[in-house]
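Visitor: I am new here. Please show me the structure, and then I will ask my questions.

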Amino acid sequence: MRVKYISSVLLILVALTTTDVFGQATETDKTPEAQYSEMVAEFRAEQLQLSKSFRETEDKAEQVKIRKRMTTMGLDYSPRFLQVATDYPDSKAAVDSLVWIVQMGNRSGSRDTGPALKLLAENHVKDERLASLCRVLQRTITADVQAFLQVVIDRSPHRDARGIACFSLAYQMQKTAERTPGNQAKAEKLYQQVVDDYADVSYLRGNLGDRAAGALYATKNIGIGKIAPEIVAEDLDGVKFKLSDYRGKVVVLDFWGDW
Amino acid sequence: MYPHERSLVKRLAGQPFALLGINSDRDREVLKKVMEEQGITWRSFWNGGSTSGPISTKWDVHSWPTIYVLDHNGVIRYKNVRGERMDEAVDALLAEMKKSK
């Protein structure tokens with residue numbers, strides 16, 4: 001379990017670093033891009049060192065310590081990325097740095113996430129890289145994220161970014177509908193907007209239209225207090241049966257798989 | 001998951017209760033072997049061999065496992081209750097059902 005956890009953390013962190021080529025700038029006169037690349041390289045080197053130490057030690061306490069460092073080390077780096085973004089607000093590295101902070105803060109709760117989102121919304125809303133950021137932020141339910149998604153919906157010139165922001169915001173409204181009356185209606189409206197305007201935008205292994213249509217159906221029909229929709233399908237032996245065959249019984253429905 | 005669900009099914013044998021799966025594994029034959037080894041006796045709908053099969057797509061399920069508990073009228077009453085909370089939910093619905101008769 002632990003090895004699995006570490007490797008998934010690593011995968012995500014490596015994914016954060018792979019989009020950029022390492023710059024080899026001289027010590028004097030470093031471009032913001034070079035500074036960004038060096039910080040990413042430094043971060044990655046520390047990660048690799050940590051995962052090596054993790055594999056090599058048998059000491060449980062030491063492993064706990066390393067794991068903690070791996071999940072929180074981004075906090076030490078994000079102020080430096082924020083510095084680059086504020087020193088060179090118009091550079092490509094500014095966007096890269098801000099995106100880095102947000103994705104990292106997503107995992108470790110960095111307090112630089114809010115300011116980074118504000119800067120992205122104020123200065124870089126036209127950047128096409130915001131599309132994938134809006135996808136990553138889907139499940140980070142905060143007011144800062146919602147404000148950011150709304151700015152992207154309103155002002156991004158990129159259709160895929162607007163569509164994905166719309167879908168992520170719909171999801172957040174759906175998930176907070178129990179706590180905040182009114183969000184259910186907002187969720188339905190946003191999902192409908194995705195179905196109407198962004199259906200063909202590709203999303204993960206499918207497209208936004210299918211995902212939003214599914215979510216819209218579910219948010220209207222599958223919830224506590226609603227009659228469960230009928231299921232008619234084969235069992236594992238190929239024999240067809242129905243959920244309604246079990247009417248009159250209390251039923252636990254378990255979406256499962258052996259993995 | 002399996003040991004808890006096994007004991008729930010065993011405890012409620014003979015009661016108006018059913019545990020039903022919606023299974024998203026790829027290979028039914030491999031799965032049946034696992035089920036035999038693990039003592040999984042409850043029936044499952046086949047989601048077509050994929051986590052993006054027709055049932056999970058319609059139900060908008062994108063994380064596993066996802067649990068729904070339905071009362072005897074087919075109304076969804078609980079979502080994602082695990083362990084003891086699953087037992088409590090089922091017991092409460094069984095009691096409610098007896099009372100309503």
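Visitor: Among contacts in chain B between residues at least 6 apart in sequence, what share join residues at least 24 apart?

Guide: This is a predicted model: local features need pLDDT of at least 70, side-chain atom pairs count only at pLDDT 80 or more, and totals for chains, interfaces and linings use all residues. Residues are numbered from 1 along each chain as its sequence is written, while chains are lettered from A and ligands numbered from 1 in the order in which they are written. Two residues are in contact if their C-beta atoms, placed from the backbone, lie within 7 Å. Among chain B contacts between residues at least 6 apart, the share that join residues at least 24 apart is 39%.

Visitor: What pattern does chain B follow along the sequence?

Guide: Chain B has four helices and four strands. Helices (H or I, at least four residues) and strands (E, at least two) are DSSP runs, numbered from the N terminus. Read along the sequence, the pattern is α-β-α-β-α-β-β-α.

Visitor: What percentage of the residues of chain B count as buried?

Guide: A residue is buried if 20 or more other C-beta atoms lie within 10 Å of its own, with C-beta atoms placed from the backbone. Chain B has 101 residues, and the buried part is 31%.

Visitor: What is the strand order of the open sheet?

Guide: The sheet has five strands, with mixed pairing. Two strands pair if DSSP finds at least two bridges between them. The edge strands, S2 (44-46) and S4 of chain B, each pair on one side only. The order is S2(B)-S1(B)-S5(A)-S3(B)-S4(B).

Visitor: Which residue is the bridge partner of Val252(A) in S1(B)?

Guide: S5(A) and S1(B) pair in the parallel sense, over seven bridges. Within S1(B), the partner of Val252(A) is Leu19(B).

Visitor: Which residue takes a positive phi in the hairpin of S3(B) and S4(B)?

Guide: Strands S3 (residues 66-70) and S4 (residues 76-79) of chain B run antiparallel, joined by three bridges. Tyr68(B) has Lys79(B) as its bridge partner in S4(B). Five residues lie between the strands of the hairpin, and the one with a positive phi near 85° is Gly74(B).

Visitor: Which element supplies the largest share of the side of chain A that touches chain B?

Guide: In the contact between the chains, 32 residues of chain A meet 47 residues of chain B. Helix H11 (208-221), strand S3 (232-234) and S5 of chain A each supply at least two residues of the chain A side. The largest share is seven residues, and it comes from S5(A).

Visitor: How do the directions of H9(A) and H10(A) relate: roughly parallel or roughly antiparallel?

Guide: The axes of H9 (residues 159-175) and H10 (residues 183-197) of chain A come within 8 Å and cross at roughly 155°. Axes are lines fitted to C-alpha atoms, for helices over the stretch in contact, and angles run from 0 to 180 degrees between N-to-C directions. Angles under 35 degrees count as roughly parallel and over 145 as roughly antiparallel. H9(A) and H10(A) are therefore roughly antiparallel.

Visitor: How many residues of the contact of H9(A) with H10(A) are nonpolar?

Guide: Gly163(A) and Cys166(A) are among the H9(A) residues that meet H10(A), where the partners include Asn183(A) and Lys186(A). Ala, Val, Leu, Ile, Met, Phe, Trp, Tyr, Cys and Pro count as nonpolar, Asp, Glu, Lys and Arg as charged, and the others, Gly among them, as polar. The contact has four polar residues and one charged; the nonpolar ones number nine.

Notes
Buried ≥ 20, exposed ≤ 12 C-beta atoms within 10 Å, placed from the backbone. Parallel < 35°, antiparallel > 145°, perpendicular 65-115°, else oblique.
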